[in-house]
Amino acid sequence: MAFEESIRKASTQSYEGTRKGDTIDEIKEIQNYIRNAKIVVPNKNGIKVEVINEVLKKFDIPPAEYLHVNTNFADFSRTPAISKAMIAIDQSDADLVIARGRLGIPGSGSFMVFMDSKSRILTAASSPSHVIHKQSLEETVYKETLEALKKVGFECDDDI
């Protein structure tokens, strides 16, 4: 089943009241989309891109490109990470954007989102504020990327 057809089928099922939850075919379509996507990571420096690519490599996913864009003003929105992803969708020809930023209000922690070119969320991961987990940015980005991919059925030996 093709990616868009999978989404249409699920929407129809929801409308008709027959949807009984996610299917393995839907998850495989998300995996295929990610594996075949042109991926960008919006960021003002390349640190997150390097770490994300380290994780993508473990799953044989092509590396993400660094989209050098200042996303600071996204922090003024109610959902900064999602706003960063949408900025990247508007500023690139990517099939998939991996964006990371604040979850919500200051102190709410961070959120990493995988968003397709139509602004639909494929998967995501979050972590508490740095003052709580006290991990480096690199370690946190690594864990969030790994968690997001595992949520859609990608498997590897790394623990979260």
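Predicted model: local features only at pLDDT ≥ 70, side-chain atom pairs only at ≥ 80, totals over all residues.
**Close-ups of salt bridges**

**View 1. The side chains of glutamate 139 and lysine 143 come together in a salt bridge, 3.4 Å from N to O.** Glutamate 139 is partly exposed, with a relative accessible area of 38%. Lysine 143 is partly exposed too, at 27%.

**View 2. Glu4, Asp116, Lys118 and Arg120 form one network.** Here, salt bridges that share partners do the joining. Across the whole structure, there are ten salt bridges.

**View 3. Aspartate 93 pairs with lysine 38 in a salt bridge whose closest N and O atoms are 2.4 Å apart.** Look for aspartate 93 in the loop between helix H4 (80-91) and strand S3 (96-102). Lysine 38 lies in the loop between helix H2 (24-36) and strand S1 (39-43). The pair therefore ties together parts that are 55 residues apart in sequence. Aspartate 93 is exposed, with a relative accessible area of 56%, whereas lysine 38 is partly exposed at 27%.

**View 4. Aspartate 22 and arginine 19 make a salt bridge, with 3.2 Å between the closest N and O atoms.** Take a moment to see how each partner meets the surroundings. Aspartate 22 has a relative accessible area of 65% and is exposed. Arginine 19, at 24%, is partly exposed.

Conventions: Residues numbered from 1 in each chain as written. Heavy atoms only, no water. Salt bridge = Lys/Arg side-chain N within 4 Å of Asp/Glu carboxyl O. Buried < 20%, exposed > 50% of the residue type's maximum accessible area, 1.4 Å probe, protein only. Helix = DSSP H or I, 4+ residues; strand = E, 2+ residues; numbered from the N terminus.
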